[in-house]
Amino acid sequence: MGGKADGDLVCVGAIAGAFGVRGDARIKSFCAEPRDIAKYAPLSSEDGARTFTLKIVKPTKGGFVARLGGLNTREDVEAMKGAKLFAPRDRLPALPDDEFYYSDLIGLNVVDTGGAEVGVVRHVDEYGAGDFLEIRLAATGKPLLVPFTREAVPTVDLGAKRVVIDPPEDVAEEETGTG
């Protein structure tokens with residue numbers, strides 16, 4: 001769920017743009033159960049400077065139409081387009097041992113199955129076909145995308161602040177230039 005957050009905030013969604021002319025917003029939810037985003041309101045901006053109540057009006061393609069407190073016009077909503085919405089971690093449910101909030105993965109050290117340093121998790125990308133860890137390689141600073149699957153990422157150790165990866169051959173060959 002969600003991207004990078006400071007402190008005890010977790011990104012639970014984003015404002016995708018305006019819907020109609022009355023100040024409704026298109027909201028993308030990053031929650032496992034998309035409608036749960038409303039349960040975590042009030043939500044805040046990344047810097048915590050603004051807070052928003054959120055009331056879902058109706059579902060729409062790729063998200064929801066919602067009313068956000070303090071955004072009363074189409075122009076208000078358009079000015080916030082792309083803004084991420086955060087909830088305090090203590091409002092979110094506890095996760096099972098094999099599930100993680102994306103914000104917990106950002107900044108973790110990445111090693112291969114032999115223990116060699118690979119880099120650092122910079123971002124978690126959500127694609128229709130699945131999630132990918134974007135890793136900044138220690139040797140080159142270049143990005144490497146690794147599928148966030150149990151096969152490619154067999155170990156996530158939050159206590160040790162590290163991730164063990166065993167990327168598919170085509171990913172490794174693509175990065176090293178041998179393929």
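Here are some questions and answers on confidence, cysteines and overall build.

Analyst: This is a predicted model, where local features need pLDDT of at least 70, side-chain atom pairs count only at pLDDT 80 or more, and totals for chains, interfaces and linings use all residues. Residues are numbered from 1 along each chain as its sequence is written, and side-chain values use heavy atoms, with hydrogens and water left out.

User: Over which residues does pLDDT stay under 50?

Analyst: pLDDT is the predictor's confidence in each residue, from 0 to 100, and its mean over the chain is 86. Where pLDDT is low, the predicted coordinates should not be read in detail. The stretch with pLDDT under 50 is residues 1-6.

User: Is C31 buried or exposed?

Analyst: Buried means under 20% relative accessible area, exposed over 50%, and partly exposed in between (1.4 Å probe, protein chains only). C11 is buried at 0%. With a relative accessible area of 6%, C31 is buried.

User: What percentage of the residues in the chain is buried?

Analyst: The chain has 179 residues. By the same cut-off, under 20% relative accessible area, the buried share is 39%.

Terms used: Contact = heavy atoms within 4.5 Å.
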